Amino acid sequence: MDRLAPSGFQTLMQALKYCVLLHDARTYDILWANRAACDLLGWTVDELRPLKAPDMSKNSLQYSRALGHRWLGHAVEHGISATEWCYRSKSGEEILTEAIAIRVALPARTVVMVQFRDIAEEKAVRRDLFRTESRLRAFLSGLAEGIVVLDDTDRVVFASESAARLLGGDLHGADFTGYCRDGTVPDREGRYRFAAPGDEPRWYAATCQYIEIESDLHGRMLLFYDITDRVRAEEEHRRDTQRLDHLARNNAMGDMAMAIAHEVSQPLAAAYNFVEGARGRLGRGDESVAWGLDNAVRQIERARTILASLRGYVGRLEQSEQRADLNAIVRDCAYFIELRAQEHAVPVEYGLTAEPLPVRCENVLIGQVVMNLAFNAVDEMAGRPEAERRVRITTRRGADGSAVLAVEDWGNGPPAEDRLFDGVFTSKENGSGIGLALSHRIITRHGGRMDVHANEPRGAVFRFTLPADGRPGVGEVP
């Protein structure tokens with residue numbers, strides 16, 4: 001290949017868009033500049049030759065002549081040296097450049113060739129990008145929503161700080177299926193349960209879409225945020241709706257019971273009168289007929305007693321709280337408790353306080369709780385040997401003046417469930433239909449509390465406490 005003449009090299013250098021200055025390696029004087037350097041700085045080569053660093057650099061300590069010489073000297077000693085240098089043009093414009101000084105040994109002398117380019121616009125873009133990135137990072141870290149990007153194998157290739165905060169730990173590279181408690185990784189919008197292995201799962205609303213950002217970030221992006229409180233509120237609302245529906249059915253049953261008691265009592269009264277009349281006409285005739293009529297009268301009287309008790313209880317379905325005696329409520333419920341207990345041959349003992357236990361409550365609701373706890377205890381004891389069957393209902397005054405009722409059995413002990421009072425209604429065929437969950441709800445709504453603990457030597461004790469009502473009742477002197 002033919003060698004280029006010196007003029008050819010000079011033509012090449014003049015064609016460069018990169019700025020070039022040649023400095024003497026010993027004095028650092030400017031020897032030559034290409035056209036790009038002259039155009040950027042606004043000086044001709046002849047004007048550049050006598051200039052020193054203070055004449056063509058920004059007036060700042062970091063661009064002093066001493067530092068400029070040190071930079072060029074480093075290139076002379078080591079062959080190359082790079083820096084950012086702010087030149088000042090002939091018009092006074094300051095130009096920030098990226099400059100590289102290279103030692104070049106020419107036949108005549110050793111020179112330092114400085115190549116530089118204007119990076120002011122590039123620096124401004126970098127500053128904008130950095131500012132945007134910082135703001136984006138701040139936004140992502142402050143988001144309530146978590147963001148993860150998954151590859152084709154469901155491994156996390158990107159996770160926002162908020163995602164790590166929601167799920168805990170370093171998610172990058174993790175298999176996301178281990179965080180999904182409902183099976184597969186979400187592939188569509190919906191509600192899902194996420195949690196790190198070993199943690200309690202929480203509910204999240206999630207959306208899914210495919211993204212591809214250039215070549216380094218692509219896959220399924222999951223955007224999710226915590227809705228556990230909302231799900232729990234909805235579940236509680238659903239339970240409240242069930243309870244309200246149940247109470248509505250209970251009130252309807254009460255109305256029906258009142259109607260039945262009213263309607264049935266009339267034919268019973270008529271039958272009683274007919275039987276009494278027939279027995280009177282028989283006189284001392286056939287004793288077997290008289291015996292049958294006497295038994296018929298007793299059965300009719302028993303039916304009338306049952307209807308009177310039902311009528312009296314259901315008739316107290318008030319809609320507001322009033323002052324009541326807890327002992328009186330228990331005595332009102334005793335007839336119905338005895339009916340259940342006699343059916344299973346379970347003796348029921350009562351240990352009520354001699355003095356009244358005034359509380360402010362809705363009688364029928366507290367009565368339903370008393371019957372529900374008693375019915376559960378009777379049903380529990382029904383499966384035991386007859387000699388071991390026993391239920392005890394007691395009341396007492398608490399240390400703070402509260403009214404306490406306890407129902408004891410000697411069965412299998414308290415249920416093992418940790419959240420005994422969070423269930424729904426009882427499924428027992430002969431249950432009251434209220435269930436422990438609703439009983440607990442009724443007591444807490446009245447400002448009380450309910451608990452269960454083991455009986456000694458075996459069995460369970462269900463207990464509730466109601467605040468005492470110290471206000472005088474009707475007819476009492478304050």
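The following legends describe close-up views of a predicted model.

**View 1. Cavities within the predicted structure.** A search of the whole structure identifies 3 cavities of 30 Å³ or more. The largest cavity holds about 220 Å³ of space. Its lining consists of 17 residues, and those closest to the centre are His 23, Tyr 28, Lys 52, Ala 53 and Leu 72.

**View 2. Elements and residue classes that line the largest cavity.** At least two lining residues come from each of the helices α4 (53-56) and α5 (65-78), and at least two likewise from the strand β3 (80-88). Helix α5 makes the greatest contribution to this lining, with 5 residues. By residue class, the lining of the largest cavity comprises 9 nonpolar, 5 polar and 3 charged residues.

**View 3. The open sheet of 5 strands.** The strands follow the order β7-β6-β10-β9-β8, and their pairing is antiparallel. Strands β7 (156-159) and β8 (190-194) form the edges, each pairing on one side only. On average, and with direction ignored, neighbouring strands of this sheet are turned by 35 degrees against each other.

Definitions and conventions
Residues are numbered from 1 along each chain as its sequence is written. This is a predicted model: local features need pLDDT of at least 70, side-chain atom pairs count only at pLDDT 80 or more; totals for chains, interfaces and linings use all residues. Side-chain values use heavy atoms; hydrogens and water are left out. On a 1 Å grid over the protein atoms alone, a cavity is a set of points where a 1.4 Å probe fits but cannot get out, and a pocket is an open set with protein on both sides within 12 Å along at least five of seven lines; lining residues have an atom within 4 Å of a point. Grid points are joined across faces, edges and corners, and a volume is the space filled by probe spheres set on the points. Helices (H or I, at least four residues) and strands (E, at least two) are DSSP runs, numbered from the N terminus. Ala, Val, Leu, Ile, Met, Phe, Trp, Tyr, Cys and Pro count as nonpolar, Asp, Glu, Lys and Arg as charged, and the others, Gly among them, as polar. Two strands pair if DSSP finds at least two bridges between them. Axes are lines fitted to C-alpha atoms, for helices over the stretch in contact, and angles run from 0 to 180 degrees between N-to-C directions.
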